[in-house]
Amino acid sequence: MPAPEHRGGTMTGDTGELHLRQLPDQLRALDPPVDPRVLELVDAEHARWRGLHDRLVALIVQLIDVATDATGGEHAVNDVITRMIGETTVGIDDLVGSGAAVDPAEIAALLRAHGSVGTVSSVGPTTTFRHACGSGGHYWRDNPDVATVAEGEVPGVPGGRPRYCARCIRSISSHAHGAWTVTPPDTPAETCTWRVTVAQ
């Protein structure tokens with residue numbers, strides 16, 4: 001029988017916490033209640049972080065466009081993303097594991113850190129996150145005319161998705177080798193789906 005979907009509570013177990021509630025909401029749910037002064041500080045810092053994060057995402061979007069224009073050619077977007085993946089000096093293995101050893105609880109924490117909200121469900125070894133992406137998806141919702149990839153332009157990425165989403169999908173594919181997959185939404189208003197299958 002499938003496990004119930006987790007919409008706002010915390011599911012704990014061998015893999016830790018699997019939820020997508022942001023820190024201010026987590027604090028508001030505590031009993032006994034948190035001091036209102038603490039909540040005010042957390043809300044203010046969370047808002048500052050959100051503003052910085054959104055600016056960084058916008059900068060990455062623009063840099064992908066600039067690099068693509070400078071590269072030119074039929075496969076420019078894919079070439080730029082491939083270089084970004086291959087030449088970065090910051091890995092994510094220590095954040096979420098790698099290959100078949102990816103950790104759904106750490107991926108939930110990664111999504112929360114990016115401001116993604118949504119639901120988490122688990123069936124057997126597979127955990128499914130359906131979330132309103134707080135990075136590329138957030139930018140896409142605010143900027144629906146952002147540059148997108150054509151069908152077949154970036155391997156494994158459906159046409160009509162933003163270049164930022166293509167970078168995300170390709171990076172995860174390269175890192176997790178099928179244990180963690182991304183199905184991007186058809187439109188900015190829909191949720192992105194991440195599936196993580198732990199090794200048995």
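Asp65 and Arg163 form a salt bridge in which the closest N and O atoms are 2.8 Å apart; the term requires a side-chain nitrogen of Lys or Arg within 4 Å of a carboxyl oxygen of Asp or Glu. The pair links distant parts of the chain, with Asp65 in helix 2 and Arg163 in helix 7, 98 residues apart. Helices (H or I, at least four residues) and strands (E, at least two) are DSSP runs numbered from the N terminus. Both Asp65 and Arg163 are buried, where buried means under 20% relative accessible area, exposed over 50% and partly exposed in between (1.4 Å probe, protein chains only).

## Basis of the values

The model is predicted: local features need pLDDT of at least 70 and side-chain atom pairs count only at pLDDT 80 or more, while totals for chains, interfaces and linings use all residues. Residues are numbered from 1 along each chain as its sequence is written, and side-chain values use heavy atoms, with hydrogens and water left out.

## Other salt bridges

A search of the whole structure finds 7 salt bridges. Side chains of opposite charge can pair when their charged atoms come close. One of the bridges joins Arg161 to Asp186, with the closest N and O atoms 2.7 Å apart. Arg161 lies in the loop between helix 6 (136-142) and helix 7, and Asp186 in the loop between strand 3 and strand 4 (192-197), so this pair ties together parts that are 25 residues apart in sequence. Arg161 is buried at 9% relative accessibility, whereas Asp186 is exposed, with a relative accessible area of 53%.

Another bridge is formed by Arg50 and Asp54, whose closest N and O atoms are 2.6 Å apart. These residues are 4 apart in helix 2, which means that about one helical turn separates Arg50 from Asp54. Arg50 has a relative accessible area of 17% and is therefore buried; Asp54, at 24% relative accessibility, counts as partly exposed.

## Surface of helix 2

Leu52, Leu56, Leu59 and Leu63 make a nonpolar surface patch of about 390 Å². Patches are made of residues with over 30% relative accessible area and no salt bridge; like charges are joined within 9 Å, and nonpolar side chains (Val, Leu, Ile, Met, Phe, Trp, Tyr) within 5 Å. Accessible areas come from the Shrake-Rupley method with a 1.4 Å probe, and for residues only the protein chains shown count as cover.

## Surroundings of Val77

Val77 is part of helix 3 (residues 76-87) and counts as buried at 1% relative accessibility. Leaving aside residues up to four places away in sequence, Val77 touches Thr68, Val149, Glu153, Val154 and Arg163, where contact means heavy atoms within 4.5 Å. Arg163 is also the partner of Asp65 in a salt bridge.

## Rings and backbone

The charged end of Arg167 sits over the ring of Tyr164, 4.5 Å from the ring centre. For this description, NZ of Lys or CZ of Arg must be within 6 Å of the ring centre and within 35 degrees of the ring normal. The whole structure holds 1 aromatic pair; rings of Phe, Tyr and Trp (its six-membered ring) pair if their centres lie within 6.5 Å, with planes under 30 degrees apart counted as stacked, over 60 as edge-to-face and the rest as tilted.

Asp31 and Pro32 are joined by a cis peptide bond with omega about 10°, and Pro32 lies in the loop between helix 1 (23-28) and helix 2. His177, a residue other than glycine, has a positive phi near 55°. His177 lies in the loop between helix 7 (163-176) and strand 3 (180-183) and is exposed, with a relative accessible area of 63%.

## Pairs far apart in sequence

Thr119 and Leu20 are 99 residues apart in sequence, and their C-alpha atoms are 6.6 Å apart in space. Thr119 is placed in strand 1 (residues 117-123) and is buried, at 10% relative accessibility.

Asp103 and Val196 are 93 residues apart in sequence and 7.9 Å apart in space, C-alpha to C-alpha. Asp103 lies in the loop between helix 4 (93-96) and helix 5 (104-113) and is partly exposed, with a relative accessible area of 26%.
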